[in-house]
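Please walk me through this structure in the viewer. I would like to know what to select at each step and what is to be found there.

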Amino acid sequence: MIYNEEFETLPREALEAIQLRRLKNTLERVYHTVPFYKKHFDKHGVKPDDIRSLEDLHKLPFTTKQDLRDNYPFGLFAVPMDSVVRIHASSGTTGKPTVVGYTARDIKTWSELMARTLMAGGATKGDIIHNAYGYGLFTGGLGFHYGAETLGASVIPISGGNTKRQIMIMKDFGPTILTCTPSYALLLAEVAEEMGVDFRSLKFKSGIFGAEPWSEQMRQEIERKLNLDAVDIYGLSEVMGPGVAVECIEAKQGLHIFEDHFIAEIIDPDTGEPLPYGEKGELVFTTITKEAFPVIRYRTRDISALYKEPCRCGRTLVRMERVSGRTDDMLIIRGVNVFPSQIESVLMEMEEVSPHYQLIVDRVEHMDQLTVMVEVNEEIFSDTVKNLQQLENKIRKNIKDMLGISTIVKLVEPKTIERSEGKAKRVIDNRKI
Amino acid sequence: MKVEQISVFLENKAGRLAEVTRVLGEGGINIRALSLADTTDFGILRLIVNDNEKAKKILKENGFTVGKTNVVAIEVEDKPGGLARILDILYRAGINVEYMYAFVQQSGENAVIIFRFDNLDEAIKVLQENGVTVINGSKVYTL
């Protein structure tokens, strides 16, 4: 099923003509309204006029997360604040979040893309959508919500958490579409089982799962345990939020990128050179319709590959492979982006803590669990249990305050943390996904 | 009047306590008294030994985190109510005991108990004013 038949099935030439026109407009606009882009383009000796074809995109410099950070909070907004109707944010590398803005038209575009997404995942006007993505600064909850309303479906804005109550509502309201992170889907299955609720007795047809990495095996597990079709969705707040790309329920083979709004590239993360279709590399996005927060050649750090072959669903849009990793050390813990450097800066701010720490990520009962191991040195050691437990609590609280995630803090003996070539191994990710 | 105690950070895992006692034994250190405080994931071993500096050095060389704290060794009458009398004195003076543990050897007829206070000097003063015998560090190490 296709929500916007016209734009999702455009012949490639027509689509590329639209892309080029929109790209040129976007470049003109950012060059004249965002001082960062003017400086950035000038420094690399390129002007918006130099971009005459889509291939010319490669002449433009990349935008990175660091650039976003340097312009915190609103420095990259391309419209005055009175045109901005919504602000979202995701966590950044030093504790400061990455802030993005939307005009009324951006919200309309995003809502349409989410309506497309929902329909690609099997939803129609007549469906009831159980939206368990978190509502708030995170783009997941509201992104799906507006998409569902645009589609004309009925949305249950349940948000995350309170799992038993969610199961009760599923039983009583009979939702037909589930939207949440894949790990939360598995938790729902487990809690339902504990409560004696069989997913086969519920009315779900399909689910749209994303905001964290998952695998084909996990898809099969979700489909089996929740008795529904599971599709993958991709998005990031810097580009838009959810709704940048989605799998179609017909093929479930790669995610269709909404290319009439975003231009995707795959580059070699080391050299920055563009890679041909089919090759794995870093995903790079340029937004071509966004007003408040356009990004030019934004490096996502996500690893994927692009495929041009037409899909049996009828969409002509390029497909991206399921994201298989990151080119940096970012972790996604229960949908929250966490960089080891953020934890490090929390620890460094507490003078008494030694810099030797290690992060261990596990998936316990389908939920991510982050354990912070901190080596006890003489400065922080105390002969009383009380003092050491206070220290553990303080670390836990500071991380929670800064990153909004709960962790387990564990004090360990010195030299416990494995060091390779003198450098401590900072992250051990035991999640099997 | 103060007694030096060394403390060692231990993770709750098999063989750690054995390792501490092994390295101390090999270094010729005699443990005079000890107590182990434990939580679900770590423990703190507190020791009174015959040679603090040497013990500390050996433990550090073996990769342990070692701390040094001053505690008080008190003679307690070895009869019913002996300890209660001392704790009552402390309670009345508003002195909080962080932790305490018993010494293996007796001092003459009396038992010896190690006390850790927040305010050590104040505690010693109160105890002595109430006629409690506080044992000297140098004597404790060789009891």
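The tour below goes from whole chains to single residues and then to the place where the chains touch. Keep in mind throughout that this is a predicted model.

**Stop 1: chain A as a whole**

The C-alpha trace spans about 75 × 60 × 45 Å along its principal axes. Chain A has a radius of gyration of 23 Å, which agrees with the value near 22 Å that a compact globule of 433 residues would have. Of those 433 residues, 45% are buried. Now consider contacts within chain A between residues at least 6 apart in sequence: 67% of them join residues at least 24 apart.

**Stop 2: the loop with a cis peptide bond**

Stay in chain A and select Y72(A) and P73(A). The peptide bond from Y72(A) to P73(A) is cis, and its omega is near -5 degrees. To place P73(A) in the fold, look at the loop between α4 (65–70) and β1 (84–90) of chain A.

**Stop 3**

Select S159(A) next. It sits in the loop that runs between β4 (154–156) and α7 (163–173) of chain A. Is S159(A) buried or partly exposed? S159(A) has 18 C-beta neighbours inside 10 Å, so it counts as partly exposed.

Move on to N227(A), in the loop between α9 (216–226) and β7 (229–236) of chain A. N227(A) is not a glycine either, and its phi is positive, near 55 degrees. With 15 C-beta neighbours inside 10 Å, N227(A) counts as partly exposed.

**Stop 4: a helix pair in chain A**

Select α10(A), residues 340–349, together with α11(A), residues 385–403. Two packed helices are described by the angle between their axes and the distance between the axes. For α10(A) and α11(A) the angle is about 130 degrees and the axes are 10 Å apart. The two helices are therefore oblique to each other. Their crossing is right-handed.

Show side chains for the residues that meet. From α10(A) these are Q342(A), I343(A), V346(A) and L347(A), and from α11(A) they are I395(A), N398(A), I399(A), M402(A) and L403(A). By class, the residues of this contact divide into seven nonpolar, two polar and no charged.

**Stop 5: one residue of that pair**

Zoom in on V346(A), which lies in helix α10 of chain A. Which residues does V346(A) touch, not counting those up to four places away in sequence? They are N398(A), I399(A) and M402(A). V346(A) is buried, since 22 other C-beta atoms lie within 10 Å, and 20 or more are needed for that class. To get a sense of scale, pick E378(A) as well: V346(A) and E378(A) are 32 residues apart in sequence and 20 Å apart in space, C-alpha to C-alpha.

**Stop 6: where the chains touch**

Show both chains again and select the contact between them. It takes 17 residues from chain A and 17 residues from chain B. On the side of chain A that touches chain B, α11 (385–403) and β20 (407–412) each supply at least two residues. That side of chain A has seven nonpolar, five polar and five charged residues.

**Stop 7: chain B as a whole**

Chain B has five helices and seven strands. Followed from the N terminus, its elements run β-α-β-β-α-β-α-β-β-α-β-α. The radius of gyration is 16 Å, close to the 15 Å that the globule rule gives for 143 residues, so chain B is as compact as a globular protein of that length. Its C-alpha trace spans about 45 × 30 × 25 Å along the principal axes. Buried residues make up 29% of chain B. Among contacts in chain B between residues at least 6 apart in sequence, 70% join residues at least 24 apart.

**Stop 8: a helix pair in chain B**

Finish with helix α1 (residues 16–26) and helix α2 (residues 52–61) of chain B, whose axes come within 10 Å and cross at roughly 125 degrees. That angle makes α1(B) oblique to α2(B). The crossing of α1(B) and α2(B) is right-handed. V20(B), V23(B) and L24(B) of α1(B) make the contact with A55(B), I58(B) and L59(B) of α2(B). The residues of this contact divide into six nonpolar, no polar and no charged.

Technical notes. Residues are numbered from 1 along each chain as its sequence is written. Chains are lettered from A and ligands numbered from 1 in the order in which they are written. This is a predicted model: local features need pLDDT of at least 70, side-chain atom pairs count only at pLDDT 80 or more; totals for chains, interfaces and linings use all residues. Helices (H or I, at least four residues) and strands (E, at least two) are DSSP runs, numbered from the N terminus. The radius of gyration is taken over C-alpha atoms; the globule rule is 2.2 Å times the number of residues to the power 0.38. A residue is buried if 20 or more other C-beta atoms lie within 10 Å of its own, exposed if 12 or fewer, and partly exposed in between; C-beta atoms are placed from the backbone. Two residues are in contact if their C-beta atoms, placed from the backbone, lie within 7 Å. Axes are lines fitted to C-alpha atoms, for helices over the stretch in contact, and angles run from 0 to 180 degrees between N-to-C directions. Angles under 35 degrees count as roughly parallel, over 145 as roughly antiparallel, 65 to 115 as roughly perpendicular and the rest as oblique. A crossing is left-handed if the near helix is turned anticlockwise from the far one by less than a right angle, and right-handed if clockwise. Ala, Val, Leu, Ile, Met, Phe, Trp, Tyr, Cys and Pro count as nonpolar, Asp, Glu, Lys and Arg as charged, and the others, Gly among them, as polar.
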